[in-house]
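Please open the model in a viewer and keep the selection panel at hand.

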Amino acid sequence: MEAKEIFVPISLESIEPVIFPDVALYIKTGGNFVLYKSNGRDFSDHDHERLSNNGVEFVFVSKDDMDVITSHMEASAERLLKSDILNAKAKGKMIYQTSINFVDDIFNNPEKSSDLKRTRRLIENLMLFLSNNPEAISSLETVMSHNYHTFVHSLQVASLTLLMHSEAYTLSRDEMLDVGTGAILHDFGKIFVPQEILNKSGKLNEAEIEVLKRHPEEGFLFLQDKGVLSPVALTIVRLHHERCNGSGYPLGLENRDIPRSAQITGVADVFCTLTTDNNGNKTMPPHIAVQLMRHQMKDLFSPILLDTLEKLVCTEDIQQFIL
Ligand SMILES: [Fe+2]
């Protein structure tokens, strides 16, 4: 059977004409993907304007082209963030646009269902909120320029954390924004961890593990000192590595002593780490990751939260896609 081509949405606003990588671009009309620009022709300012005038928000690329697009986005994000041309507002917009493109990555099938739309909406609201807050933008910018993979991972964790909250609980908009802000900055403390440790491909030695394990407390202390995050967001930053059986860090808390939002972020963090590697490649199907968290990592996570996770990431659509 011929493999079905998978398409990934890219927000039109995040595309810089001419320098965008030379890949085929598609638009979606009436449920079908139609080739807009083939490989070998520049995407011009005129194309951008025309699509924008027609109300097109997203163009689509083949999943196979995502590696080259991700590298391009990483390079342009770094270039733009390091330049003095952009003010906080423009940087916020750029981070917002880059972010939206990575949301779908926690799911294997970009065509899938309402969860995807819900996640996109949740993260859009979060990013809109954050992009108007200079302090939040400066924190995100710091994470993004220190280690781009940490930023992309954080975004995926925030997406899943918000989705799990909205699936299992009733939270107000403000509560969701607090949770999302904490989740997207959960690894902020990694800016204090040297690049060699963050990017090391082999196993870390004991001393390196000790340095890495300081990131929740260091991130918490730094952001608390800034005085801009809510207590819920700070709690997530500090306690996302606590585990139900008390084996986590920094405090070794157990079960209900770990706030729910930090537990959920911890579940989302481990799930995203298991299913995607540092380069954004899929490493493990979602249902295998959930089984591993249930059985091999027994007692680390609340079974109720694992049920919620399973319901969200192991739907029939995804199963069909994997098999
Ligand atoms: Fe972490």
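Begin with E167, which is partly exposed at a relative accessible area of 25% (buried means under 20% relative accessible area, exposed over 50%, and partly exposed in between, with a 1.4 Å probe and protein chains only). The model is a predicted one, in which local features need pLDDT of at least 70 and side-chain atom pairs count only at pLDDT 80 or more, while totals for chains, interfaces and linings use all residues. Residues are numbered from 1 along each chain as its sequence is written, and side-chain values use heavy atoms, with hydrogens and water left out.

**The whole chain**

Display the protein chain as a cartoon: its secondary structure comes to 15 helices and four strands. Helices (H or I, at least four residues) and strands (E, at least two) are DSSP runs, numbered from the N terminus. Of the 323 residues of the chain, 51% count as buried. Among the chain's contacts with a separation of 6 or more, 68% are accounted for by residues 24 or more positions apart; contact here means heavy atoms within 4.5 Å.

**The salt bridges**

K311 lies in helix α14 (residues 303-313) and E167 in helix α6 (residues 148-168), so the pair ties together parts that are 144 residues apart in sequence. K311 counts as exposed, at 56% relative accessibility.

Next select K200 and E208, another salt bridge whose closest N and O atoms are 2.8 Å apart. K200 is partly exposed at 34% relative accessibility, whereas E208 is buried at 16%.

Move on to R238 and E217, where the closest N and O atoms of the salt bridge are 2.9 Å apart. Because R238 lies in helix α11 (residues 231-239) and E217 in helix α10 (residues 215-226), this pair ties together parts that are 21 residues apart in sequence. Both residues are partly exposed: R238 has a relative accessible area of 24%, and E217 has one of 23%.

Then select R294, D307 and E310, which are linked in a network of salt bridges. How many salt bridges are counted by this rule? The count comes to ten.

**The iron site**

Centre the view on the iron ion. Which residues coordinate the iron ion? They are D187 (OD), H215 (NE2), H240 (NE2) and H241 (NE2), at 2.1 to 2.3 Å. Donors are N, O and S atoms within 2.8 Å of the metal (3.2 Å for Na, K and Ca); water is not among the atoms, so sites may look incomplete.

The four donor atoms make angles of 86 to 176°, and the site is irregular. Four donors count as tetrahedral if all angles lie between 85 and 135 degrees; four count as square planar and six as octahedral if opposite donors are over 155 degrees apart and all others between 65 and 115; anything else is irregular.

Along the chain the donors follow the spacing D-x27-H-x24-H-H. D187 lies in the loop between α7 (173-184) and α8 (195-198) and H215 in helix α10, so these two tie together parts that are 28 residues apart in sequence.

**Helix α12**

Select residues 260-275, the helix α12 in which Q263 is found. Q263 counts as buried at 13% relative accessibility. A polar atom of the Q263 side chain lies 3.1 Å from the backbone oxygen of I258. Leaving aside neighbours within four places in sequence, Q263 is in contact with C244, N255, I258, S302 and L305.

S261 is also placed in helix α12. Is S261 buried or exposed? S261 is buried, with a relative accessible area of 11%. Not counting residues up to four places away in sequence, S261 touches H165, V179, V232 and I236. Draw a C-alpha to C-alpha distance from S261 to G182: the two are 8.9 Å apart in space and 79 residues apart in sequence.

**The cysteines**

Finally, select C244 and C272. C244 is buried at 9% relative accessibility, and C272 is buried at 2%. A search of the whole structure finds zero disulfides, a disulfide being a pair of cysteine sulfur atoms within 2.5 Å.

Note on methods. Salt bridge = Lys/Arg side-chain N within 4 Å of Asp/Glu carboxyl O. Polar contact = N/O pair within 3.5 Å; in protein donor to acceptor, adjacent residues only side chain to side chain.
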